[in-house]
Amino acid sequence: MEPTGISVMTLRGRFLAGLALASALVGAQAGGEAPLELVATIALPGVKGRIDHFAVDVKGHRLFVAALGNDTVEVLDVAGNRHEKSVAGFGEPQRLVYLPQSNRLFVANGSANRVDILDARSLSIVKRVERLDDADNVRYDAAAGKIVVGYGKGALRLLDADSADSAGEIRLGGHPESFQLEAKGPRVFVNVPTAQHVAVVDRVKRQVTATWPVAGAKSNFPMALDEEGRRLFIGARSPAVMLIYDIDSGKIVAKLPIGGDTDDIFFDASRKRVYVICGEGRVDVFRQETADQYSLESSVKTAPRARTGLFVPEDGKLYVAAPSVGSAPARMLVYTVR
């Protein structure tokens, strides 16, 4: 008798897929040292709830962490691997951008519907940009000197990086999640999960020039860009897959299974790797064999609901946030990349 709602063939397929994954992991790890080594754990005292994205001050050795569920920004000294300060007064901080040239920290607040600009030395508010409903992802366009904010039911707001004055807007087909900017071109690639596509935006013309479907996947949240290699990495949650696009043709060249509940992906150009941070409690590490071929190098255990992080190539470190779950307190996991 077949189990209710699940066929024997489905169960057999899942079992074989599990065996294949286990075999791949054993083979990858047997061939040499693990690509990630846990070297430190930094306590995040008093931090409750979900932890969102980070920004780094490389020269100052500081990591800024958006503690969304705690309505705080946590400041870590990553040279000494210690918690430095907790800054309150935010409303669901989601993503941050640090500008070393001005020593400013931009914080997108989801429930407070604004972007806060802080003096990063004193961590005091310099200015607030209001009326940005569900302010979410934020990036710096170095070529134009603009801060780009994803917000609302579907828009990118451009802010002057010096004055924080509005510098225009680009409309989208839904609320934008992670997006990436070309450094040597005018395009912005934007995840729009509600529209089930990736929007390609010309930030000079300020319009959407193409949309790329996510090929049967849903909940496309994280994104990474290999501009030199002409590849875009998209993480989807339903099903849990990574889609890899050729950014010249817009075609999907690879589709790979990943861990569940991913919220951050990073491309390591010097090591030709992709790090996929998954909330089910692992980081999947893929090796780029060719532009269109990727192999699972390792799957490194982290912690439950640890789905956000930051890869800092200058330091060779991957930071992964482990939120407070049960009796386990919130903490930052620090990995050396090998």
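**View A. A salt bridge joins R282 and E280.** In this predicted model, the side chains of R282 and E280 meet with a distance of 3.0 Å from N to O. R282 has a relative accessible area of 17% and is therefore buried, since buried means under 20%. E280, at 48% relative accessibility, counts as partly exposed.

**View B. R62 and D57 form a salt bridge.** The distance between the two side chains, N to O, is 3.0 Å. R62 is buried, its relative accessible area being 11%. D57 is also classed as buried, with a relative accessibility of 6%.

**View C. R114 and D116 are linked by a salt bridge.** Their closest N and O atoms lie 2.6 Å apart. Both R114 and D116 are buried.

**View D. A network of salt bridges connects R237, D261, D263 and R307.** The count of salt bridges in the model comes to 28.

**View E. Negatively charged residues gather in a patch on the surface.** The patch consists of D71, E92, D133 and D134. D134 belongs to the loop between strand 9 (124-129) and strand 10 (138-141). The relative accessible area of D134 is 32%, so this residue is partly exposed: the class lies between 20% and 50%.

**View F. Strand 12 and strand 13 pair in the antiparallel sense.** L159 stands opposite S166 of strand 13. The hairpin of these strands has five residues between the strands, and A164 adopts a positive phi near 65° there.

Note on methods
Residues are numbered from 1 along each chain as its sequence is written. This is a predicted model: local features need pLDDT of at least 70, side-chain atom pairs count only at pLDDT 80 or more; totals for chains, interfaces and linings use all residues. Side-chain values use heavy atoms; hydrogens and water are left out. Patches are made of residues with over 30% relative accessible area and no salt bridge: like charges are joined within 9 Å, nonpolar side chains (Val, Leu, Ile, Met, Phe, Trp, Tyr) within 5 Å. Accessible areas come from the Shrake-Rupley method with a 1.4 Å probe; for residues, only the protein chains shown count as cover. A salt bridge is a side-chain nitrogen of Lys or Arg within 4 Å of a carboxyl oxygen of Asp or Glu. Lys and Arg count as positive and Asp and Glu as negative; His and the chain ends are not counted. The place of a charge is taken as NZ of Lys, CZ of Arg, CG of Asp or CD of Glu. Helices (H or I, at least four residues) and strands (E, at least two) are DSSP runs, numbered from the N terminus. Buried means under 20% relative accessible area, exposed over 50%, partly exposed in between (1.4 Å probe, protein chains only). Two strands pair if DSSP finds at least two bridges between them.
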